[in-house]
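Here is a short report on one structure. Take a look at the sequence and the fold, then read on.

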Amino acid sequence: MTITRTPYAQTSVQELIDLTGRTAIVTGGAMGIGLGIVGRLREAGANVVVADLDREAAEAVVAGLDGQRPGGALAVPADVSDPDGVERLVAKAVDTFGALDILVNNAGIYPNVPLAELDLDTFRRVIDVNLTGLYLCTKAAAERMIEQGTGGRIVNITSIDALHPSMVGLAHYDASKHGAWGFTKNVALELAPHGISVNAIAPGGIKTPGIGDADEADLEAFAQMIPMGRLGDPDEIGRAALFLASDLSSYITGAQLVVDGGRLLR
Ligand code: NAP
């Protein structure tokens with residue numbers, strides 16, 4: 001082994017962060033955290049596929065991105081828990097842009113239901129979207145990336161609830177997110193020899209339409225527990241996702257980046 005003494009890095013920050021010519025799928029990309037991620041990946045030059053249950057919302061996002069940097073954007077209606085839909089999504093991305101380089105598994109649901117009222121349908125739906133969806137999208141994308149032979153980046157949006165419960169009423173959600181984190185680590189191990197990194201971002205308390213449904217008092221209590229004194233912005237997850245999707249993070253795999261204003265420190 002030769003260890004060279006390089007006084008400074010050879011690649012510029014601009015090159016490291018540049019995603020021109022790469023294609024990314026962002027699930028649940030039409031609003032909230034997904035939208036924050038779509039914006040930053042597109043700004044860095046990636047072709048971005050906005051995959052969402054809501055076709056109209058995804059198309060509106062793509063229309064708003066028109067004219068940003070070279071490359072393109074595409075809206076694809078998709079339910080991540082539907083195996084055929086996921087296959088169609090990956091095929092559409094590759095047909096349109098020629099390859100798939102980045103997958104951001106962001107789509108997720110978090111209905112707050114205490115265990116005593118948690119019915120089997122709700123439990124199953126949360127696992128289906130948050131965990132089975134992650135598996136389906138990762139498997140389909142990894143197959144393409146391995147076939148292409150040029151590596152890839154997979155970024156899974158978990159939650160601080162993948163590490164520690166944030167509030168009562170999320171047992172089903174916490175089960176799905178702990179599962180997502182375990183899945184991330186094992187798949188990172190398997191895909192590393194193919195040059196594909198698999199990492200997670202664990203957000204906590206981000207201002208999205210999804211948390212708009214939460215009880216106002218619960219939200220207030222949650223915000224007061226955040227050492228930085230405020231909820232986060234979807235763009236702050238977008239910036240973390242750009243780091244993990246770009247060559248800035250070239251030696252990172254199987255990691256979970258907590259982005260929560262310090263909430264887990266309490
Ligand atoms: P959000 O505001 O509810 O947005 C989620 C987006 O995903 C919506 O556009 C939704 O479409 C779409 N979606 C839902 N189910 C889908 C499915 N089966 N297939 C495809 N798209 C689907 O949620 P968010 O707060 O941005 O959360 C995004 C991710 O971050 C989730 O995985 C969540 O667990 C995680 N997270 C969020 C926070 C937070 O504080 N916000 C904290 C920790 C983790 P529809 O509107 O049509 O349903």
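A24 has V48 in β2 as its bridge partner. This is a predicted model. Strand β1 (residues 23–27) runs parallel to strand β2 (residues 47–52), and five bridges pair them.

Next come the helix pairs. Two packed helices are described by the angle between their axes and the distance between the axes. The table gives these values for two pairs.

| Helix pair | Axes come within | Crossing angle |
|---|---|---|
| α5 and α6 | 9 Å | roughly 15 degrees |
| α2 and α8 | 7 Å | roughly 50 degrees |

Start with α5 (residues 120–148) and α6 (residues 171–191), whose axes cross at roughly 15 degrees. Angles under 35 degrees count as roughly parallel, so α5 is roughly parallel to α6. Their crossing is right-handed. From α5, the contact residues include F123, I127, L131, L134 and Y135. From α6, they include Y173, A175, A180, F183 and V187. By class, the contact of α5 with α6 holds 14 nonpolar, six polar and one charged residues.

How do α2 and α8 lie to each other? With axes crossing at roughly 50 degrees, α2 and α8 are oblique to each other. The crossing of α2 and α8 is right-handed. G32, I33, G36, I37, R40 and L41 of α2 meet residues of α8, among them P234, I237, R239 and L242. This contact of α2 with α8 has eight nonpolar, three polar and three charged residues.

R40 also takes part in a salt bridge. Its partner is E43, and the closest N and O atoms are 2.8 Å apart. R40 and E43 are three residues apart in helix α2 (residues 32–43), so about one helical turn separates them. In total, the model has 10 salt bridges.

Note on methods: Residues numbered from 1 in each chain as written. Predicted model: local features only at pLDDT ≥ 70, side-chain atom pairs only at ≥ 80, totals over all residues. Heavy atoms only, no water. Axes fitted to C-alpha atoms, helices over the stretch in contact; angles between N-to-C directions. Helix = DSSP H or I, 4+ residues; strand = E, 2+ residues; numbered from the N terminus. Parallel < 35°, antiparallel > 145°, perpendicular 65-115°, else oblique. Left-handed = near helix turned anticlockwise from the far one by under 90°. Contact = heavy atoms within 4.5 Å. Nonpolar A, V, L, I, M, F, W, Y, C, P; charged D, E, K, R; others polar. Pairing = 2+ DSSP bridges. Salt bridge = Lys/Arg side-chain N within 4 Å of Asp/Glu carboxyl O.
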